[in-house]
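User: Hi! Could you walk me through this one while I have it open?
Analyst: Happy to, here it comes.
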Amino acid sequence: MPPHDRKAPPARRMLALPAVCPCEAISPGTLLASLLALAADVAGRDAGAFPVLRRGAGEALRITGVLLAFLEELREASAAEPLPGAAVLGLSELHVAMQKLRLLLADCARRGARLWVLMNADLVASELRFVLGSVATAMDVLPADVVGASVEARDLARLVSDQAWRAAVGPDADDGRAAWSVRSMLAKFRSSAAPHAEDARMVLGRVGITSWWDCAEEAAFLEAELLERLEDGRENENDLVLISGLMAFLVYCRVVLFDRVDAKKKADAAAPEPTPAANCAAWTTSQEALLCPITLELMTDPVTVTTGQTYDRTSIKRWVKSGCRTCPVTGERLRSAQFVPNVAVRGIVEQLLLRNGASLHEQPSSKHRSAVDKTVAAFGPAAAGGVRLAVACLIARLSSGTPEEQKKAAYEVRKLAKRNVFHRACLVEADAVPWLLHLLSSADASVQDNAVASLLNLSKHAAGRRALVEAGGLNLVVDAVNVAAKVEAQQNAAAILFYLSSNTDYCKEIGRIPEAIPTLVRLMREGTYRGRKNALVSLYGVLQGAASIAKAVSAGAVAVLANLLSSDREDIVNDSVALLARIAEQPAGATAILASSELVTSVVDYLGASSSRSGKDHCVSLLASLCRHGGDKVVALMGKMPALMPALYALMADGSPVAGKRARWLINEIHRVYEHRQPPPPVAPPAGDRVIRV
């Protein structure tokens with residue numbers, strides 16, 4: 001696998017309030033128009049959307065409404081006489097403060113973060129007081145001729161300043177009681193005691209969590225926060241302990257208090273979805289500086305190259321990967337392929353999208369993979385106790401619950417084990433694996449699908465793989481690849497075999513199942529992209545010896561892989577070449593591959609054209625195995641391929657040490673066979689002799 005590029009900057013974190021200060025050269029009229037739009041956006045928020053800090057948020061909205069009236073008075077006054085340049089400083093400070101206020105109120109009303117805001121109510125109240133103080137300060141530094149543009153403007157300015165300074169902002173009494181109840185229940189978790197259901201319902205009701213979906217949304221937000229902090233490595237232990245404890249509390253409530261997995265609320269479903277950033281061309285036409293020079297689309301992940309130009313990360317990455325080493329705009333040579341995140345431009349884009357009701361789509365990233373590895377142990381006894389209580393309830397429902405309870409429990413296990421190693425360990429220790437294997441025979445397709453996905457998550461844990469094999473689950477998993485009701489379940493079952501193949505003994509057990517290898521070959525041939533991908537990597541792990549490779553050849557694996565080499569997905573082609581290299585390690589496999597001259601030609605062409613370092617390694621390994629098993633005849637055939645020698649010399653210069661060594665061996669073998677097949681040079685007669693022809 002090629003090394004990952006430098007990770008993209010994360011989206012704005014909760015309670016972080018970045019703001020862009022207007023430039024000094026901006027005209028007062030333009031700044032006032034932007035400030036009017038910003039204040040109108042804040043003042044238009046629904047006061048009932050704040051389950052926590054209701055009084056403080058209401059004060060902020062009321063003050064913003066008065067500020068909006070003041071700004072409208074200024075606009076009317078500036079129509080007759082333009083605002084002086086001295087107004088820019090005060091209006092800029094006011095603009096920055098209103099940006100922060102908008103972000104802070106958005107965090108307070110954010111669905112999914114309500115419990116987190118409740119437990120941080122003191123910090124949020126402090127931030128709100130600071131922002132309102134910034135508003136008051138900005139109003140106080142406005143020039144007198146601006147404030148006194150009219151009698152109404154002067155009165156409104158004084159009112160905004162006085163109310164912003166005197167605003168009583170602090171956690172509500174009910175917020176304090178609810179936060180205390182949460183801490184009390186976490187203390188019970190620490191002693192492995194279940195909290196009272198009514199106490200939990202009271203807390204959830206306070207922050208507006210009334211359904212399974214609301215609870216799951218809150219837990220997902222906290223999980224993302226936890227993984228972000230683990231990835232950054234900058235957060236203190238107290239934050240991690242609190243987040244993990246709140247996650248355990250929400251998981252416990254989700255499992256125990258709600259009887260069914262409900263859908264999104266109708267009000268949410270009926271609401272229009274946020275406009276994706278890619279579809280915002282109508283209002284980005286005036287924001288040309290925010291468009292990527294390559295694609296002319298809004299830069300959702302802007303990065304700066306060594307020439308100082310800014311591009312969207314995906315576009316410039318594709319440009320460099322294609323072999324171009326110059327800046328697309330200036331034509332200068334790029335001194336480095338490293339990209340520096342342009343935080344300023346990203347901040348402007350985020351605010352632009354927020355103002356237009358759009359969402360910034362995060363590109364898929366593998367950044368959390370390393371963070372998941374850090375969840376081996378629970379962060380604190382409260383988190384450990386809460387999760388174990390929830391797991392015990394799930395196992396009871398899996399083993400003796402009604403069909404509906406089993407259905408919900410299977411889905412809960414799937415979610416619980418997805419991205420947390422400690423959760424997986426708890427489930428395995430509680431004997432979840434045998435009950436999940438039992439559900440593979442369920443007539444309900446969704447139950448079967450959730451059971452397979454749960455087993456996939458648990459198979460990522462060594463104890464989970466051992467429990468699956470000891471429970472006799474190998475045959476059941478292979479059957480699921482064949483006959484599972486949903487395509488996704490078949491794909492996930494194939495992925496389970498991949499994780500099991502990390503153990504040599506398990507590989508042998510899988511290889512002895514008559515249907516295992518033919519089933520994976522069929523999935524490679526007929527599956528979707530993900531199905532083929534899972535089948536390829538699983539079969540690569542399973543093919544560990546001559547017997548299993550012979551089964552793969554008999555099942556037609558070579559012909560299927562030959563077809564996959566023409567795929568437009570480079571990762572599929574790369575995995576196919578890797579699997580061919582594994583098959584060619586045995587004489588029978590090499591013979592099957594050499595039976596198709598078109599296949600060998602395709603491999604050579606891929607060696608020369610591929611930009612993947614691992615792909616080139618697999619290609620040269622495959623060709624070396626073919627030459628070893630095929631003898632001089634195959635080596636001679638390789639020597640006649642005009643594209644091979646340049647690719648081998650390039651691999652010697654730029655490839656990995658192992659690939660370079662194999663390329664050198666191939667070149668030497670080709671030269672050896674070529675020299676051996678050359679006719680011997682004519683023998684010159686001895687010196688001094690004369691030959692007379694008659």
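User: Great. What should I know before reading any values?
Analyst: This is a predicted model, where local features need pLDDT of at least 70, side-chain atom pairs count only at pLDDT 80 or more, and totals for chains, interfaces and linings use all residues. Residues are numbered from 1 along each chain as its sequence is written, and side-chain values use heavy atoms, with hydrogens and water left out.

User: How many helices and strands are there in the protein?
Analyst: The protein has 36 helices and five strands. These are DSSP runs numbered from the N terminus (helices are H or I with at least four residues, strands E with at least two).

User: And what share of the residues count as buried?
Analyst: Of its 694 residues, 49% count as buried, meaning under 20% relative accessible area with a 1.4 Å probe and protein chains only (over 50% is exposed, in between is partly exposed).

User: Now the packing. At what angle do helix 23 and helix 26 cross?
Analyst: Roughly 30°, with the axes of helix 23 (residues 474-483) and helix 26 (residues 516-526) coming within 10 Å. Axes are lines fitted to C-alpha atoms over the stretch in contact, and angles run from 0 to 180 degrees between N-to-C directions. Helix 23 and helix 26 are therefore roughly parallel (under 35 degrees; over 145 is roughly antiparallel, 65 to 115 roughly perpendicular, the rest oblique).

User: Which residues of helix 23 and helix 26 meet?
Analyst: From helix 23, Val478, Val481 and Asn482 meet Ala516, Thr519, Arg522 and Leu523 of helix 26, where contact means heavy atoms within 4.5 Å. By class, that contact has four nonpolar, two polar and one charged residues.

User: How does helix 26 pack with helix 29?
Analyst: Helix 26 and helix 29 (residues 557-564) pack at about 25°, their axes 10 Å apart. That makes helix 26 roughly parallel to helix 29. Val521, Met524 and Arg525 of helix 26 make the contact with Ala557, Val560, Leu561 and Leu564 of helix 29. Those residues divide into six nonpolar, no polar and one charged.

User: Switching topic: how many disulfides?
Analyst: The count comes to zero, a disulfide being a pair of cysteine sulfur atoms within 2.5 Å.

User: Is Cys108 buried or exposed?
Analyst: Cys108 counts as buried, because its relative accessibility is 5%. Cys393 counts as buried too, at 18%.

Terms used
Ala, Val, Leu, Ile, Met, Phe, Trp, Tyr, Cys and Pro count as nonpolar, Asp, Glu, Lys and Arg as charged, and the others, Gly among them, as polar.
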